[in-house]
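Grab a pencil and open the structure viewer. Let's work through a few exercises together, one step at a time.

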Amino acid sequence: MKKFTILVVLSVLLSVQFAAAQDDAPQAGSSGLGDPYFPDLGNGGYDAEHYTISLIWDDETNNIEATTTVLAKANLDLITFNLDFGGFDIEHVLVDGTEATFTREERELAITPATPLRQDETFEVMVSYNGVPGEDVSDYYDVFARGWMRYPSGVYVASEPDGAAYWYPVNDHPLDKASYTFIITVPDAYTAAANGQLVSMVDNDDPTTTFTWEARDEMASYLATVNIAEFTEVTAAGPHDLPIRHYFPADKTDELTETFANFSDIIAYFETIIGPYPFEAAGAAVADVRLSFALETQTLILFGSDIALGRSGAEEVIAHELAHQWFGNSVSLAQWKDIWLNEGFATYLSMLWLEHSEGQNELLRQMNAYYTYLARSRRSTAPANPPQDNLFNDGVYLRGAWALHALRLSVGDAIFFDILRTYYDRFKYSNATTADFISVASEVSGEDQSDLLHGWLLDDKIPPKPKQTFKP
Ligand code: TRP
Ligand code: ZN
């Protein structure tokens with residue numbers, strides 16, 4: 001007891017001292033945001049507000065000559081701060097136009113401005129660098145995203161969860177979303193497409209063209225993308241004048257236009273069940289390479305041509321990635337461990353689209369197939385407790401979807417869709433946790449849903465399959 005009191009007194013004293021120190025001396029911003037799975041992802045001490053990424057790409061070497069400017073706001077008086085950034089030769093780092101000193105260890109770039117930054121001050125960090133993205137850097141967390149990827153006919157960028165720092169200096173965590181400008185210069189034959197809207201296309205004196213894209217809606221760093229190839233732009237009419245523009249490999253435009261024919265209908269359907277599409281534009285960029293994946297890059301979804309073509313499941317993947325615009329991109333996770341909030345939701349919403357477009361039997365057929373698979377699988381984990389090095393395992397997707405399905409069967413359709421809408425509305429353009437979802441589910445249904453959801457989300461063993469009768 002006594003020991004305890006002494007400890008308390010001591011820690012109060014220490015924290016008073018610490019607070020005093022904080023008042024007068026500028027601090028170092030931390031090198032991470034404390035994500036339990038990725039403690040060094042992101043940085044403390046400031047909030048990034050806007051990134052301007054300006055680069056010249058060489059198609060022969062895949063070299064980029066780049067300048068990224070980060071507009072940020074200090075959260076405290078800062079003597080040094082970090083950006084996440086791996087690879088490249090860094091030429092200069094300027095803070096508010098003045099040369100700053102910097103050091104680098106792995107993916108942590110530590111910057112010391114000539115004069116400390118004041119709390120609440122907005123400042124601008126400009127980093128100029130060049131090199132081949134991803135060269136001479138080790139995989140930091142050994143997860144599968146490496147950011148900027150060269151393939152025979154172009155470039156795609158896929159960074160989830162930690163690849164953004166391999167092509168631009170960044171506060172690399174979804175907790176710090178920002179808006180972006182991309183100024184991309186490519187040889188004349190190519191088109192560069194990025195998030196947001198194309199605001200200018202300038203044919204330079206040398207044989208290059210500069211494409212400027214503005215992404216006004218804030219986004220998580222892993223959702224930033226640039227796609228370079230010989231593309232044809234295909235536009236379509238979205239609901240309520242939402243601009244839709246797809247970037248398809250020029251020689252596959254007809255087939256792909258067909259694959260993406262109901263893109264707009266899927267958006268309109270999700271709007272009826274969740275809420276208005278959250279961003280300024282929508283569309284797909286198809287990389288002409290066998291990627292065997294798609295990524296929900298904000299407003300410009302990345303598909304490998306193998307996923308988009310000649311596979312009967314393409315529509316389901318399109319619905320999945322579109323669903324991420326609401327769940328994942330607008331409502332973002334606050335920690336990577338909660339990845340099921342992205343993947344389980346997107347998977348179930350793609351099932352809801354199938355139910356809507358093909359009938360309830362189609363949903364049941366798929367959910368039953370998932371259950372059978374999960375009950376046998378030894379690699380699928382509980383959705384809300386995936387291993388750090390296997391975040392995207394089947395349990396996250398399929399059992400995550402089953403968690404929502406089980407909730408729906410238990411509370412009935414009216415309450416279930418009310419839960420979805422309320423959760424979305426409360427956390428849109430922001431971040432949420434599993435606990436946030438469970439508390440909305442309990443609040444809206446008027447019953448504690450933690451037992452049901454913990455069973456589906458956290459138990460090692462999948463719960464028994466419920467009887468699938470739908471209540472209104
Ligand atoms: N989020 C992707 C999906 O919709 C999967 C994914 C995770 C991914 N990390 C990636 C895709 C990196 C491409 C690159 O399921
Ligand atoms: Zn997904």
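Predicted model: local features only at pLDDT ≥ 70, side-chain atom pairs only at ≥ 80, totals over all residues.

Residues are numbered from 1 along each chain as its sequence is written, chains are lettered from A and ligands numbered from 1 in the order in which they are written, and side-chain values use heavy atoms, with hydrogens and water left out.

**Exercise 1.** Find the order of the strands in the open sheet, then say which strands sit at its edges.

*Solution.* Step one: strands (E, at least two residues) and helices (H or I, at least four) are DSSP runs, numbered from the N terminus. Two strands pair if DSSP finds at least two bridges between them. Step two: follow the pairs, and you get eight strands in the order 6-5-9-3-2-12-15-14, with mixed pairing. Step three: strand 6 (98-99) and strand 14 each pair on one side only, which makes them the edge strands. Step four: check one end, where two bridges join strand 5 to strand 6 in the antiparallel sense; Leu94 has Glu99 of strand 6 as its bridge partner.

**Exercise 2.** Describe the neighbours of strand 9 (residues 122-131), and decide whether the strand is mostly covered or open.

*Solution.* Start with strand 3 (residues 64-74): this strand pairs with strand 9 over 10 bridges, antiparallel. Ile64 stands opposite Gly131 of strand 9. Next, strand 5 (residues 89-95) also pairs with strand 9 in the antiparallel sense, over six bridges, and Val95 has Val125 as its partner there. Finally, look at burial: buried means under 20% relative accessible area, exposed over 50%, partly exposed in between (1.4 Å probe, protein chains only). Seven of the 10 residues in strand 9 are buried, so the strand is mostly covered.

**Exercise 3.** Work out how helix 8 (residues 394-411) and helix 9 (residues 413-427) are oriented to each other.

*Solution.* First, the axes are lines fitted to C-alpha atoms over the stretch in contact, with angles from 0 to 180 degrees between N-to-C directions. These two axes come within 6 Å and cross at roughly 135°. Second, sort the angle: under 35 degrees is roughly parallel, over 145 roughly antiparallel, 65 to 115 roughly perpendicular, and the rest oblique. So helix 8 and helix 9 are oblique to each other.
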